[in-house]
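I opened the model to look up its sheet, its core, its ring pairs and its salt bridges. My entries follow in that order.

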Amino acid sequence: MSEKNYMTHPLVIICGTIGILLFFLLTYPLWPSCAPSAQSRRLSSTSNLLQISLALHQYAIDSDNFFPNATGAAGLKILVDTGYLTDYSTYIMPIDHQVQIPTADTFLEPNIHYAYLGSGLQNQLPQLAEKIPLAFEKPWIDKKRIAVVYMDGHVQSFEKVKFKTCIKVVEFCRKNCDLYGSDRIWQTLLENAKSVDIFSLPEVKP
């Protein structure tokens, strides 16, 4: 692998970004005001997304470039069961009120704060990777913004957007990113998003 390709590899980008975020999170108590703020909680959530993305890419490397073949919490549970990301707190957003950390028995869609959509997709789409959402914060957790991690490993936050379902987030990403990619890929993403919605929100019908 050339030096240029190494420096732009998704895993290198993800690891570097996680390192920077961890520096800010670990030194945060030393700052003049150490009360948890919305900004610090969002940094922590972004770090969670990056760790999830890193684990998904490591899994894909060991699985013929396929991401976990299950949607939503079931796909993330594969990361836990196979040892790629076993810290249950990583799957919960650090929001204001006290949240129950999931366990092996309670690792179910309603208890997980991130929507994973990579089931059925391969990590072999270099021309589309920066546009394909791999996982994101469920839109009803933090109603003031949403962070999305893309297949190439970068995270993008959207402020002052309001979505009621994961399907709406995928539709927004497709429109906002102005992507002229494969319809099959977007159809897979929409189907995965619908599955997350059905098992997360009682009011969403199959």
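These are my notes, starting with the ground rules.

**Ground rules**

I worked on a predicted model, where local features need pLDDT of at least 70, side-chain atom pairs count only at pLDDT 80 or more, and totals for chains, interfaces and linings use all residues. Residues are numbered from 1 along each chain as its sequence is written, and side-chain values use heavy atoms, with hydrogens and water left out.

**Sheet**

I looked up the strand order. I found an open sheet of 4 strands, β1-β2-β3-β4, with antiparallel pairing. Strands here are DSSP runs of E with at least two residues, helices are runs of H or I with at least four, and both are numbered from the N terminus. Two strands pair if DSSP finds at least two bridges between them. The edge strands are β1 (114-116) and β4 (155-159), each pairing on one side only. From one strand to the next, the twist averages 20°.

I went through the pairs one by one. β1 and β2 are antiparallel over 3 bridges. Ala 115 has Phe 136 of β2 as its bridge partner. β2 and β3 are also joined by 3 bridges and run antiparallel. There, Pro 133 is bridged to Tyr 150 of β3. β3 (residues 145-150) and β4 pair in the antiparallel sense over 5 bridges.

Helix α3 (residues 38-61) packs on it and touches β1, β2 (133-137), β3 and β4. Contact means heavy atoms within 4.5 Å. The direction of α3 makes about 25° with that of β3. Axes are lines fitted to C-alpha atoms, for helices over the stretch in contact, and angles run from 0 to 180 degrees between N-to-C directions.

How many residues of β2 are buried? I counted 5 of the 5, so β2 is largely enclosed by the rest of the structure. Buried means under 20% relative accessible area, exposed over 50%, and partly exposed in between (1.4 Å probe, protein chains only).

**Ring pairs**

I listed the aromatic pairs and got 5. Rings of Phe, Tyr and Trp (its six-membered ring) pair if their centres lie within 6.5 Å; planes under 30 degrees apart count as stacked, over 60 as edge-to-face and the rest as tilted. Tyr 88 and Phe 107 are tilted, at 5.9 Å centre to centre and 55° between the planes. Both lie in the loop between α4 and β1, so this pair ties together parts that are 19 residues apart in sequence. Tyr 88 is partly exposed at 23% relative accessibility, while Phe 107 is buried at 6%.

Tyr 91 and Phe 107 are edge-to-face, at 5.0 Å and 80°. Tyr 91 is buried too. The ring pairs link Tyr 88, Tyr 91 and Phe 107 into a cluster.

**Salt bridges**

I counted 7 salt bridges. The rule is a side-chain nitrogen of Lys or Arg within 4 Å of a carboxyl oxygen of Asp or Glu.

Asp 142 bridges to Arg 42, with the closest N and O atoms 3.2 Å apart. Asp 142 is in the loop between β2 and β3 and Arg 42 in helix α3, so the pair ties together parts 100 residues apart in sequence. Asp 142 is buried at 16%, and Arg 42 is buried at 18%.

Arg 145 and Glu 137 meet at 2.8 Å, N to O. Arg 145 is buried at 5%, and Glu 137 is buried at 0%. Shared partners join Arg 42, Asp 142 and Glu 159 into one salt-bridge network.

Lys 77 and Asp 81 meet at 2.7 Å, N to O. Both lie in helix α4, 4 residues apart, about one turn of the helix. Buried or exposed? Lys 77 is buried at 18%, whereas Asp 81 is exposed at 55%.
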